[in-house]
Amino acid sequence: MSIAWGPANTVELGFAQTFLEKGPDALLLLDADGTISFLNGAAAELFGYPREQLLGAHHGMLLTEDCRGGFPRVFSSLGRRTPLHGRPPIECVGLRSDQTEIPLQVTCSLISAGDGTAMAVAVRGAVHRPDADAGRRGTGRRGTGRRGTGRRRAGRRRAVTLLDPTLDPTADGIVVLAPDGRITGVNERSFPRWGMPGGLLAEDQARRAIAELAELKALAFQDPLTGLANRTLFKEQATAALRTSESVDVLLLDLDDFKEVNDVLGHHAGDEMLVEVSKRLRACVGPHGTVARLGGDEFVLLLVGCRDPDTVAQRVVDSLKVPVSIEGTLIRPAISLGVASRDGMAVTSSELLRQADVAMYAAKEAGKNCYRRFRPEMLAALLERTTMTAGLRHAVELGEITVHYQPVVSLRRGAVVQFEALARWERDGVLMPPALFIPTAERSGLISEIGTEVLRRSCSELRPWLAGDPGRSLAVNVSGSQLQHRDFAEGVLSMTAGCGVDPHQLVLEVTESVFFDADSHVILQLGSLRNAGVRVALDDFGTGYSSLGRLHDLPVDAVKIDRSFVSMVRTGTEKLPILTSMVNMAHTLGLKVTGEGIETPAQAEYLRALDCDSLQGFLFSRPSPAAGLERTVLKSVEAIGALEGARMGAAAGSARA
């Protein structure tokens with residue numbers, strides 16, 4: 001299909017790309033400086049180059065040396081709105097990738113593309129008119145804008161151009177568009193291509209066919225949900241930018257904990273959030289950057305010629321801190337963002353994207369909701385994480401995961417009433433902090449095996465201590481992936497029976513996120529365990545997406561107030577309604593309350609005054625192995641006594657005053 005423009009036509013560039021791609025003729029768009037901004041497959045085949053190599057290159061590489069000076073003159077002439085009708089095509093010699101020459105006939109027209117003016121270029125091979133020479137040399141053969149191998153020969157030639165007033169004799173379907181978009185001419189070859197009967201091509205039918213092509217482009221290059229560029233278009237634009245600009249930056253980001261939004265509010269709410277995020281990202285980059293959605297909750301920004309990409313990155317982070325209102329619920333998006341820059345190095349778009357991905361995970365390791373710029377040493381950190389995963393897997397296989405225990409105390413009873421079992425890994429003689437290897441275990445899928453080992457060891461090691469008082473209990477953390485196994489509840493009860501531990505003395509600590517998957521068997525599993533006497537505690541309470549009122553619907557027996565709330569207590573004189581509400585709400589629902597992260601006497605006294613049932617933290621003891629439990633209990637009791645003595649002393653002082 002050939003398309004002809006009248007003088008000074010206005011054609012939307014994205015539409016032209018989709019429409020012209022379908023034609024067999026070689027078609028290109030050149031910017032004002034002669035750079036190739038678009039070409040179709042026929043043009044790439046004609047000149048023998050991969051399309052990616054020509055995008056962003058100067059058109060002069062496609063012409064012999066004596067033909068390269070004509071473009072500025074043609075552009076200037078077209079700029080004076082000289083009518084094209086009657087203008088003969090330009091004859092020149094093209095240069096293929098293998099340096100062979102091919103005779104060309106070129107027709108040019110100006111179009112408006114984006115914020116500037118571009119030149120549309122249609123290219124065809126020379127056509128021989130049958131004459132006396134043809135009788136001696138054989139039948140003349142017409143070259144189209146497809147791959148050609150013929151060289152310039154003597155004899156008369158005529159041009160078959162896109163603007164030839166005699167349209168029907170040509171082999172291609174042709175539609176001529178006026179400046180206002182009206183169809184002013186067609187030939188018979190157009191009808192079968194559009195799937196229409198012969199005769200006059202109705203304007204509305206042609207418009208519908210063209211609209212079906214603006215739709216093909218959307219499917220090929222746009223994300224259907226957000227309207228952003230997709231991965232394919234991003235890669236093409238990034239590749240072209242790396243050829244034409246020294247300054248290219250890629251910003252890769254994803255939404256932290258986005259799955260919880262889908263699980264709590266539904267996928268339609270998740271879609272609304274993605275659309276809102278896409279709008280904010282567009283606003284951050286402005287008209288000179290590209291925003292693409294790579295899939296799921298992952299987005300990428302392409303900046304070309306940006307003087308300060310770090311400012312853009314921080315702007316993105318800040319813009320997403322503003323809450324999103326979805327169906328009356330305020331949700332604050334959080335992102336992790338990685339920045340990678342070309343910095344004069346000849347890297348590919350895939351390499352830049354990989355560097356940005358490494359930097360994004362560095363942002364996650366830094367606490368999320370921030371950005372990090374790629375540095376070469378991050379690759380070393382990536383290697384370390386890979387090595388850690390392999391080492392952790394080896395440790396699990398060899399049974400090298402151990403358990404330490406942290407006491408939970410009751411100020412009312414003045415005693416240790418519970419121990420929380422915590423996984424520990426000694427790697428090369430060094431005890432690894434849980435914050436380092438637990439995320440690795442979750443990413444690698446080893447967390448289920450580690451959780452099972454912790455439960456087995458802790459039931460075995462704490463059985464004597466538990467047997468000494470039926471009011472004592474053991475708390476073990478359980479991951480969502482463990483609860484996905486249909487036989488999890490059966491396995492837990494079998495293990496407690498085998499170790500001689502009363503199920504009533506076992507507390508399973510879960511985070512709120514395990515309740516978000518409506519298709520899981522979590523509720524059923526926990527229900528079976530609670531019927532057998534096992535208690536369930538909601539860990540990190542207050543940090544999830546749900547409200548306090550949702551506690552009523554959850555199958556839990558206790559809550560543990562997250563340390564982030566406890567840390568708000570510094571002097572003990574603060575007024576913190578949030579803590580008061582948490583404790584009161586839980587007690588109203590018949591739930592026990594534990595405050596974790598207690599590090600100072602002021603924090604312990606504040607929560608005691610709120611009638612918190614039990615406390616846990618470094619103030620009483622750090623986690624220790626089973627061999628040190630007796631010393632841990634003694635230290636905790638001493639800390640309780642010190643708190644009681646300080647409180648009584650303060651009360652006596654107040655009485656004397």
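A disulfide is a pair of cysteine sulfur atoms within 2.5 Å. In this predicted model, a search of the whole structure finds 0 disulfides. Select Cys 370: its relative accessible area is 14%, and because buried means under 20%, Cys 370 counts as buried. Select next Cys 612, which is also buried, at 9%.

Return to Cys 370 and display its surroundings. Ser 336 stands opposite Cys 370, which belongs to strand S18. Now select residues 335–341, which form strand S17; this strand and S18 pair in the parallel sense, over 4 bridges. Strands of a sheet pair through backbone hydrogen bonds, in either a parallel or an antiparallel manner.

**Helix H12**

Proceed to residues 349–365, helix H12. At 1.5 Å a residue, its 17 residues should span 24 Å; the end C-alpha atoms are 25 Å apart, which agrees. Colour the buried residues of H12, among them Leu 352, Leu 353, Val 358 and Met 360. Several alanines of this helix are buried too, including Ala 356, Ala 359 and Ala 362. After H12 comes Gly 367, with a positive phi near 115 degrees.

**Salt bridges**

Side chains of opposite charge can pair when their charged atoms come close. A search of the whole structure finds 20 salt bridges. Select Lys 364 together with Asp 256: their side chains meet in a salt bridge, at 2.9 Å from N to O. Asp 256 lies in the loop between S12 and helix H9 (258–265), whereas Lys 364 lies in helix H12, so the pair ties together parts that are 108 residues apart in sequence. Is Asp 256 buried or exposed? At 6% relative accessibility, Asp 256 counts as buried.

Select Asp 611 and Arg 412 next. They form a salt bridge in which the closest N and O atoms are 3.1 Å apart. Asp 611 is located in the loop between helix H21 (601–609) and strand S27 (614–616), and Arg 412 in the loop between strands S19 (401–410) and S20 (415–427); the pair therefore ties together parts 199 residues apart in sequence. Asp 611 counts as partly exposed, at 42% relative accessibility, while Arg 412 counts as exposed, at 58%.

Finally, select Glu 420 and Lys 560. Their salt bridge has its closest N and O atoms 3.1 Å apart. Glu 420 lies in strand S20 and Lys 560 in strand S25 (residues 558–561), so this pair ties together parts that are 140 residues apart in sequence. Both Glu 420 and Lys 560 are buried.

Notes. Residues are numbered from 1 along each chain as its sequence is written. This is a predicted model: local features need pLDDT of at least 70, side-chain atom pairs count only at pLDDT 80 or more; totals for chains, interfaces and linings use all residues. Side-chain values use heavy atoms; hydrogens and water are left out. Buried means under 20% relative accessible area, exposed over 50%, partly exposed in between (1.4 Å probe, protein chains only). Two strands pair if DSSP finds at least two bridges between them. Helices (H or I, at least four residues) and strands (E, at least two) are DSSP runs, numbered from the N terminus. The expected span of a helix is 1.5 Å times one less than its number of residues. A salt bridge is a side-chain nitrogen of Lys or Arg within 4 Å of a carboxyl oxygen of Asp or Glu.
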